[in-house]
Amino acid sequence: MKRLFYISFILISLFCSCKSKIDYLEYALISAGRNRPQLEQVLEHYKDDPEKLAAAKFLIENMPAHYSYQGEDINRYYELAYKIITSNLTPKEQRDSLLSISEKQFLGLEHRTIPDVKVITSDFLIHNIDDAFEKWKTFEWASHLTFDDFCEWLLPYKAVELQNLDSWRDTLSNYFGDAITNMVVDDDQYGTTYYTLDAVRNNIISKVKPLGMYNNSGYPLLSADLLHKQTFGRCEDYVNLAVLTYRSVGLPAVIDETPYWGRYRAGHTWYTILSDRGEELHAEWDVSSVPGWSFFQDKRIPKVYRRKYAINRERVVYKNESAYKYPFDLCQHDITDKYFRTTDVEIELFKDITPVEKYAYIATFNGKNIDWTVVDYGNIENGVAKFDKMGRNVLYLILVYDGNQLIPASKPFVITKIGEIRYIDLDWHTKETVTLKRKYYESNNVAKMRNRILGGKIQCSDNPQFKNATTVYEITSTDIPDIITLETTKKNRYWRYLSSDGTYGSIAELSFFTNDTTDIKGNYIYCSNATSAEASKAFDGDRLTNFETTVENDNWVGMDFGKPTEISYIRIVPRSDENDILPGDEYELKYWDGVGGWISAGTTIATDNRLQYNDIPKGALMWLSNHTRGWDERPFVIFENGKIEWW
């Protein structure tokens, strides 16, 4: 709360002075309060060095938007964290321990913050400025930076909020800098930004051995002593480590991010470097990714923002003028058009909507109990909402503030690949029956795994080696029913699933039935390529574990029933992602009413691997939820030919 009050005070002060040219430096000095002499000492120190003085002014005048933890609790937390991550506990145990102390001993720590302008010291700031300048002026891989480049890509004393104001430049350069001293000096690659960075990147990987754990793990480790000792972390943790390490040795790097993917419930953070050819080279992931390689060619992205040190002054105006005050980061800058073609959109709002402010909000679909999530704001002019630089091939909805909450103010619409607007509207007069097999789009990996059942066979034999085996069913399509009827009256002791060559076995579940409701058990048997543990996964009831070997051909798994047994039905579950319709799970289908909400078409327990709903308005945007399990859910539209378009 202290941080929010302080920023609000500064923003109001800036706004009230808009009649004349704003002196951001003076406002920063005023806001420093009793810490003002520390900042003035920095300015005095550089009074005879115009370039460093300009750099110091840049840091100070943008400092009010940056903040750190307040009090000693964070130091106590880091002391405990240091003991944990340098212990003999496994990374998972370390993660669980940090999460436990975060929730039990340091709950709410993230709210106890203070602006840097009130606590930063002159010695700390001078050391950072001098060190950054030395790297810029000395190292060949930084010499291409302009002063403006330098201010954002190398100079800042922190890369992420709540980072400790400590000796990270010295610590990280000392720990990872040997990658540079050990580089081979040649007349070809030496001194280039890309190859210098790659040497440092590989050194980080070698020494830290990053291990991704993407769920909650306690407070991020943002002190100099802990950054390079992270035995586990989220993608963002290793992005922070990469950028800070690069800057510590004079390599220009920044953090880019998207608040939400265009077809996923979460966002993503990565890093970008500025090569000595002036190219911005993006890493798909964290320090494990090589910057400049192909960047997420299969992903749809509504917005890309850069975490700059400089304040986004347009967002300052928004914060002061808006009634709703969505918590946009004041130092995020929209760089979506640096990544791909974008579209400036103008969307006419519903006539019966009366916003209480001049701002509108553009949202994408999130999923799993949350529908629309804001990614940007725009201005309303004469009943039309305008937004700049929107990512294409994404589903959007416009929201406005009615004085109480954000409400829908447009039909859902898609910005197509060529930048056109296509509204999604339903036909109340024409109803149709829809048959659904999934609640989430099928990824490339899932499709490839599912295709491995093609050519698979169900065989029976009176011989455990399946000599003279009889094939009673062959899979010719991935669109198989939940329960497959076998056209046979054969009684045999041994029954198996034999995968086609080149498929490694690859099934999730296998069941045998004498009737269509009760599966029967025997002793599971398997090929010589497999182990007992691998074979058991075909019968463990878990669709996310798989029978699979490391050998391409001659893979099978089955049952020894102890005596000749007639099998009339089977269930074969291909490898998948648990987003297929699962018998026994509870589902609910909703469709968008075209105006402002979802209408439930009913909740049902699946009895098959398909769900059928009647009387759905034609062309409706639909959303299928599994109330029993899982997280992945996306909206979709069904065309007349039955093709599903997932959003």
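Modeller: A salt bridge here is a side-chain nitrogen of Lys or Arg within 4 Å of a carboxyl oxygen of Asp or Glu. This is a predicted model, where local features need pLDDT of at least 70, side-chain atom pairs count only at pLDDT 80 or more, and totals for chains, interfaces and linings use all residues. Residues are numbered from 1 along each chain as its sequence is written, and side-chain values use heavy atoms, without hydrogens and water.

Colleague: Which residues are linked in a network of salt bridges?

Modeller: R234, E236, D237, E257 and R307.

Colleague: And how many salt bridges by this rule?

Modeller: The count is 47.

Colleague: What does D256 form a salt bridge with?

Modeller: With R306; the closest N and O atoms are 2.7 Å apart. D256 sits in strand β3 (residues 253-258) and R306 in strand β6 (residues 305-307), 50 residues apart. Strands are DSSP runs of E, at least two residues long, numbered from the N terminus.

Colleague: Is D256 buried or exposed?

Modeller: Buried, at 0% relative accessible area. R306 is buried too, at 4%. Buried means under 20%, exposed over 50%, partly exposed in between (1.4 Å probe, protein chains only).

Colleague: What about E280, which residue does it bridge to?

Modeller: K338, with the closest N and O atoms 3.4 Å apart. E280 lies in strand β5 and K338 in the loop between β7 and β8, so the pair ties together parts 58 residues apart in sequence. E280 is partly exposed at 23%, and K338 is partly exposed at 47%.

Terms used:
Helices (H or I, at least four residues) and strands (E, at least two) are DSSP runs, numbered from the N terminus.
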